[in-house]
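Please keep the sequence and the structure in view while reading.

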Amino acid sequence: MAPYESLRDYAEALEKRGKLVRIKEMDQDKYEATAFHYKIIDRWKTNAPAFLIENIKVNGIWHSVPVIGNLFNGFDTVAQCFGVEHISDSQSEMYTAATEKIMSYLVNDRWKTIDPVIVEKKDAPCKEVILTGDAVDIYKFPWIRNNPDDGGQYISTGCAIMEDPRLGRNVGTYRMQIKGPRKTGINFTNQSHGYKFMMEAADRGEDAVPVAVAIGIDPISWMMSSTRLADLGQDEFALAGGFRGKPVKMVKCESSNLYVPAEAEFILEGEIPMEVEKEGPYGEMFGYIGKETVTFYLNIHTITHRKNPWLYNIWTGVSGGYLTLPWDTGNFIRLKRIMPNLVKLYTPPETASIVIVCIDKKFPGEGIEAGLMILGYRLVGFSKKLVIVLDKDVDPTDMARVMHAVGTRWQPVPASLMVSHSFHMPIDPSIKEAFLSSKIVIDATRQLPGEGGPEVFPADNRTVMEEKAKEAFELVEKNWGKYFQK
């Protein structure tokens with residue numbers, strides 16, 4: 001049961017639910033695992049299971065190190081991670097349940113925290129094997145090249161742990177291109193906390209910054225690393241403890257004073273020099289091959305790992321990162337203070353730059369106004385190029401219902417608003433000038449007479465059913481299993 005202590009505990013729970021498949025072998029030199037990931041998403045969408053490849057071919061070598069992927073596909077997996085008791089295949093139901101669970105971690109508008117606890121080396125699975133000196137060679141493990149146009153193999157799930165005398169600890173996930181047996185890139189953007197830590201060290205005149213990279217950690221700690229829920233200077237592992245309801249177990253590094261998650265699959269210990277070099281290209285989260293860039297690199301001194309470790313890989317841009325839901329929830333809470341009519345906020349994991357909101361509309365112009373406020377608010381962790389505003393009776397997680405509302409409640413004129421220039425993420429392949437994009441608000445709420453709509457807007461069939469025959473849906477839910485008995 002959640003909260004899970006390790007990646008393996010979570011994978012075991014998925015397998016018990018039939019949400020993980022084991023595959024004997026795949027040839028990643030032929031990009032078999034990448035193609036498989038695309039296919040299961042194409043066919044099963046949010047119901048596509050996690051998969052564990054027991055043997056994988058990389059660089060002409062068959063590795064018996066299992067590679068696991070697609071771990072957080074669908075809101076049922078998110079709800080499971082956060083300890084929702086009743087898990088179903090209804091993505092709408094699980095989205096609501098997970099959101100409510102996440103909101104329960106707020107106390108006086110602040111996320112709960114529980115500080116980590118330190119364990120002895122003998123009690124830390126990540127210390128079962130310790131490699132130093134000439135034994136350090138990351139090519140011994142099957143790091144994945146996701147796409148033929150990627151610049152090489154990448155560590156895609158590394159959680160970089162850094163400490164600063166003024167800011168404290170930071171944990172962040174940055175892509176890491178394999179550059180040698182003891183060297184990887186580490187792609188800090190200039191907006192990231194990792195970059196700010198590097199600049200703090202540079203201002204102090206330091207030549208290099210110690211770092212430890214944890215790979216394959218428990219789901220909640222992973223979520224804290226791969227999102228920016230923590231403010232600068234706030235310990236992600238303390239936040240993870242608050243969400244888990246119990247502390248994260250940490251253990252001291254072999255070659256530095258940094259502490260790392262004891263239950264991790266791998267730990268890479270090293271330092272980042274105050275130098276940059278070329279990195280990439282890489283298949284980005286927007287689903288396009290990014291440009292070659294310039295970034296820092298990591299020199300690795302020590303590797304520790306579990307016996308028979310697992311390698312967790314993300315096929316970036318293939319499926320969405322559903323563990324970003326706490327970002328949605330945090331953004332909703334902050335926006336609700338200035339938008340009392342806001343009912344829901346949803347950023348579809350599979351569609352970059354689209355934000356969908358539901359409002360309790362009562363007056364003309366509220367749809368466009370809501371869209372403007374969303375565009376003007378810097379959503380933590382998300383860009384937005386298209387804002388779709390809906391009535392409160394539409395489920396924003398159901399894209400069929402969203403598109404039905406757009407097709408039947410929206411009039412392009414006057415229920416649209418174009419913004420010619422606004423801040424945007426630079427990795428969007430459609431933009432010409434970095435950080436700038438045009439944007440649009442689509443007001444797909446029922447248009448009132450005062451904003452050009454009909455005198456009487458007819459009721460939506462499904463809304464009538466949900467409001468006036470709610471018991472019918474409850475009856476069907478109760479009898480669901482009986483309908484399919486032979």
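The second largest pocket holds about 940 Å³ of space. A pocket here is an open set of points, on a 1 Å grid over the protein atoms alone, with protein on both sides within 12 Å along at least five of seven lines. The model is predicted, and therefore local features need pLDDT of at least 70 and side-chain atom pairs count only at pLDDT 80 or more, whereas totals for chains, interfaces and linings use all residues. Residues are numbered from 1 along each chain as its sequence is written, and side-chain values use heavy atoms, with hydrogens and water left out.

**Second largest pocket**

- The lining of this pocket comprises 24 residues, of which Ser90, Ser92, Glu93, Arg462 and Glu466 are the closest to its centre; a lining residue has an atom within 4 Å of a point.
- Two or more lining residues come from each of α4 (91–103), β21 (342–346), α11 (461–468) and α12 (470–483). Helices (H or I, at least four residues) and strands (E, at least two) are DSSP runs, numbered from the N terminus.
- The greatest contribution is that of α12, with five residues.
- By class, the lining has seven nonpolar, five polar and twelve charged residues. Nonpolar covers Ala, Val, Leu, Ile, Met, Phe, Trp, Tyr, Cys and Pro; charged covers Asp, Glu, Lys and Arg; the others, Gly among them, count as polar.

**Cavities**

- The whole structure contains three cavities of 30 Å³ or more. A cavity is a set of points where a 1.4 Å probe fits but cannot get out, and a volume is the space filled by probe spheres set on the points, which are joined across faces, edges and corners.
- The largest cavity has a volume of about 60 Å³.
- Its lining includes Leu7, Tyr10, Leu71, Phe72, Trp222 and Tyr312.
- Helices α1 and α6 (219–226) each supply at least two residues of this lining.
- The lining of the largest cavity divides into eight nonpolar, two polar and one charged residues.

**Aromatic contacts**

- There are 21 aromatic pairs in the structure. Rings of Phe, Tyr and Trp (its six-membered ring) pair if their centres lie within 6.5 Å; planes under 30 degrees apart count as stacked, over 60 as edge-to-face and the rest as tilted.
- One of these pairs is Tyr10 with Phe72, which is stacked at 5.1 Å centre to centre and 15° between the planes.
- Tyr10 belongs to helix α1 (residues 7–16) and Phe72 to the loop between β4 (67–69) and α3 (75–81), so the pair ties together parts that are 62 residues apart in sequence.
- Both Tyr10 and Phe72 are buried; buried means under 20% relative accessible area, exposed over 50%, and partly exposed in between (1.4 Å probe, protein chains only).
- Tyr10 and Phe72 also belong to one aromatic cluster with Tyr4, Trp222 and Tyr312.
- Lys183 lies over the face of Tyr297, at 4.4 Å from the ring centre. A charge sits over a ring if NZ of Lys or CZ of Arg is within 6 Å of the ring centre and within 35 degrees of the ring normal.

**Cysteines**

- The structure has zero disulfides, a disulfide being a pair of cysteine sulfur atoms within 2.5 Å.
- Cys126 is in no disulfide, and its nearest cysteine sulfur, that of Cys253, is 8.2 Å away. Cys126 is buried, with a relative accessible area of 0%.
- For Cys159, the closest cysteine sulfur is in Cys126 at 13 Å, too far for a bond. Cys159 is buried, at 1% relative accessible area.

**Backbone features**

- The peptide bond joining Gly280 and Pro281 is cis, with omega of about -5°; Pro281 is in the loop between β18 (277–279) and β19.
- Pro414 lies in the loop between α10 (399–409) and β24 (416–423).
- Asn108 is not a glycine, yet has a positive phi of about 55°. Asn108 is in the loop between β5 (106–107) and β6 (110–111) and is exposed, with a relative accessible area of 72%.
- Asn308 likewise has a positive phi, near 50°. Asn308 is in the loop between β19 and β20 (311–312) and counts as exposed at 64% relative accessibility.
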